[in-house]
Amino acid sequence: MCSNLSLFFNLIKSAIHMSDNKVYVAFANVLTCLGDGLALQERLFKGMCGFSPASTCFPESFPDENTPIGVIKDISESEYRIPNILKKMSATGVIPSWIGQCDHIFSASSLGDLKGKNAGRPINDIEAHLSQIGCEKNVDLLVSSACSSGTDVLGQAYAMVKSGAANIIAVLAVDCLDPAKLRQHLALGTQSPEGAMPLDTKRNGTTFGEGGACVVVANSRGLSQIGETSDITIRGFGMSCDASDITAPAEHGQFLAKAISKATASVGTPDFINLHGSGTPLSDAAEAAALTLVFAERAHDIPVNGTKGAVGHLLGAAGLAEAVISIWALKNQMLLGTVGHSELDPLIPLNVIGAGASAETTLRSGLSITCGFGGVNSCIAFERE
Amino acid sequence: MMEQSISSRLKISIADCKPPARLKGKDVRCDPLASASIRCVERLLSESSLMLPETTSVVVITKTGCVSHINKVVEAAQQSRPRQGFFSRGGPQMLANYCSIAFDLHGASYTYFIQQNPDSRTVVENIVNSLVKEKILEQVLLIEADYVGDELVVEAMYLDSCLL
């Protein structure tokens with residue numbers, strides 16, 4: 001192992017050269033409890049919510065539990081969820097059939113299913129699924145940074161293409177909410193009994209969901225490889241860690257602010273921000289504090305939104321799913337409303353786009369923020385050319 | 001450009017790996033492999049007299065993840081019992097997160113879960129290399145941590161970038 005690390009050190013030493021490669025989003029799609037693709041876009045922009053009571057989704061495990069959750073329909077309570085979600089992702093085109101043409105496939109998740117031989121190892125399910133659909137390429141790795149995993153895997157693919165180390169990379173994030181996982185979250189007290197109300201004065205927890213997303217990033221050579229064009233680029237990426245607590249964020253958002261600053265260094269103030277917006281009292285307040293640290297008074301004017309009141313918190317897939325939704329906002333030139341939000345917390349001085357307030361507008365740049373257990377913070381900036 | 005590289009290696013039995021004193025007053029409910037990772041970094045620091053900058057990122061590579069905690073979560077799930085203490089600390093990212101907390105490091109903090117395929121490690125190296133080139137990471141504490149039989153095997157390496 002020592003010799004491997006020394007080799008790595010030598011690689012680093014010899015690798016500095018600047019590159020101005022543009023990194024395009026060649027493909028982006030997501031599956032949630034509200035559907036996938038065009039149907040999901042339409043439902044999101046209409047301000048619909050995809051939650052159902054836990055007693056309906058998992059009647060054997062939670063006959064009396066009416067906490068709303070956002071699970072994918074038609075997967076029975078006893079089935080493994082990750083393999084079934086992946087099947088649905090392929091069947092609906094969320095995973096493109098040509099994924100094997102990419103130079104690399106990176107994945108992201110948290111713990112996946114909590115039963116069977118792949119418990120806690122969702123990379124095994126992802127590899128097995130890609131093999132089943134005829135993809136001959138191996139999954140190189142799974143990025144694990146809790147609920148930031150999906151943003152981090154996209155940012156890392158961006159860095160690799162930007163630096164010239166690859167032409168085209170597919171990133172795939174998937175996660176599930178099986179009954180065992182829901183039980184843990186109910187015990188942790190993370191779930192809102194009414195459903196997530198991001199940035200609302202009455203917010204009292206998040207709502208977990210499940211699903212998956214796939215994004216392909218490429219330089220111009222990579223786009224030619226798959227015969228695609230794109231006018232959406234990734235312009236920056238930042239990561240940081242609060243390093244203060246395993247579950248709670250740093251109260252003043254000072255480290256999240258550093259990740260935001262790094263991600264927006266080249267785009268400046270974005271035209272909109274897709275917040276992590278989990279709907280928990282601490283997280284939403286820390287996020288607002290971080291935005292104020294970075295953008296000062298401008299933070300009060302930037303339109304911000306959150307999707308967790310519509311499709312739930314997709315755990316390890318949340319960051320990539322919300323990146324896709326941000327990309328759609330740029331493509332459609334549509335600001336998305338924040339389902340579940342009705343009355344702004346006076347301690348959160350942000351310009352929150354309310355539920356049902358989706359509107360056409362001119363959007364050139366957007367930022368997506370994700371935070372996770374362990375105090376991790378990730379931000380990624382997009383721009384439409 | 002990486003100005004420094006220092007490494008250290010630790011092999012310890014699972015039974016002997018208790019949470020390090022450095023976590024006292026923070027959160028000691030970590031997987032033994034996270035404890036071993038912290039101990040390996042402590043050894044690296046004591047051998048080198050290195051002071052880690054606050055901006056240091058912790059990047060972990062693992063083939064096994066937090067096996068002890070996952071087993072406890074799976075066992076609890078079979079009995080429909082909540083074990084939130086293990087659940088929220090069972091993800092492989094906790095190997096990085098506990099090191100960030102133990103040493104007050106505020107750069108990136110995440111873990112690569114890889115398979116046995118030797119190409120995966122090369123890809124990880126290329127990604128970290130790219131993140132440094134693009135100035136997304138500055139200093140990197142790169143840790144490899146795995147369960148190997150009854151033992152925990154960890155290697156830590158510190159890489160310091162000099163921004164151009």
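**Reading helix pairs, chains and contacts**

Author: Start with one helix pair: α4(A) and α5(A) cross in a right-handed way. Keep in mind that this is a predicted model.

Reader: At what angle do helix α4 and helix α5 of chain A pack, and how far apart are their axes?

Author: Read the angle and the distance together. Helix α4 (residues 81-91) of chain A packs against helix α5 (residues 122-132) of chain A at about 35°. Their axes are 10 Å apart.

Reader: Which residues of α4(A) and α5(A) meet?

Author: Look along each helix in turn. From α4(A) come A:Ile82, A:Pro83 and A:Leu86. They meet A:Pro122, A:Asp125, A:Ile126 and A:His129 in α5(A). By class, this contact of α4(A) with α5(A) has five nonpolar residues, one polar and one charged.

Reader: Now chain B. How do helix α1 and helix α4 of chain B pack?

Author: Here α1 (residues 32-48) and α4 (residues 93-103) of chain B pack at about 45°, with their axes 9 Å apart. α1(B) and α4(B) are therefore oblique to each other. The crossing of α1(B) past α4(B) is right-handed.

Reader: Which residues make the contact of α1(B) with α4(B)?

Author: α1(B) supplies B:Leu33, B:Ala34, B:Ser37, B:Ile38 and B:Val41. α4(B) supplies B:Met94, B:Leu95, B:Tyr98, B:Cys99, B:Ala102 and B:Phe103. Sort them by class: ten are nonpolar, one is polar and none is charged.

Reader: Let me step back. How many helices and strands does chain A have?

Author: Chain A has twelve helices and 16 strands. Next, check its extent. The C-alpha trace spans about 55 × 50 × 45 Å along the principal axes of chain A.

Reader: Which strands are joined by bridges from chain A to chain B?

Author: Look for the partners and their direction. β6(A) and strand β3 (residues 109-113) of chain B are joined by three bridges and run antiparallel. A:Val143 stands opposite B:Tyr112 in β3(B).

Key. Residues are numbered from 1 along each chain as its sequence is written. Chains are lettered from A and ligands numbered from 1 in the order in which they are written. This is a predicted model: local features need pLDDT of at least 70, side-chain atom pairs count only at pLDDT 80 or more; totals for chains, interfaces and linings use all residues. Axes are lines fitted to C-alpha atoms, for helices over the stretch in contact, and angles run from 0 to 180 degrees between N-to-C directions. Helices (H or I, at least four residues) and strands (E, at least two) are DSSP runs, numbered from the N terminus. Angles under 35 degrees count as roughly parallel, over 145 as roughly antiparallel, 65 to 115 as roughly perpendicular and the rest as oblique. A crossing is left-handed if the near helix is turned anticlockwise from the far one by less than a right angle, and right-handed if clockwise. Two residues are in contact if their C-beta atoms, placed from the backbone, lie within 7 Å. Ala, Val, Leu, Ile, Met, Phe, Trp, Tyr, Cys and Pro count as nonpolar, Asp, Glu, Lys and Arg as charged, and the others, Gly among them, as polar. Two strands pair if DSSP finds at least two bridges between them.
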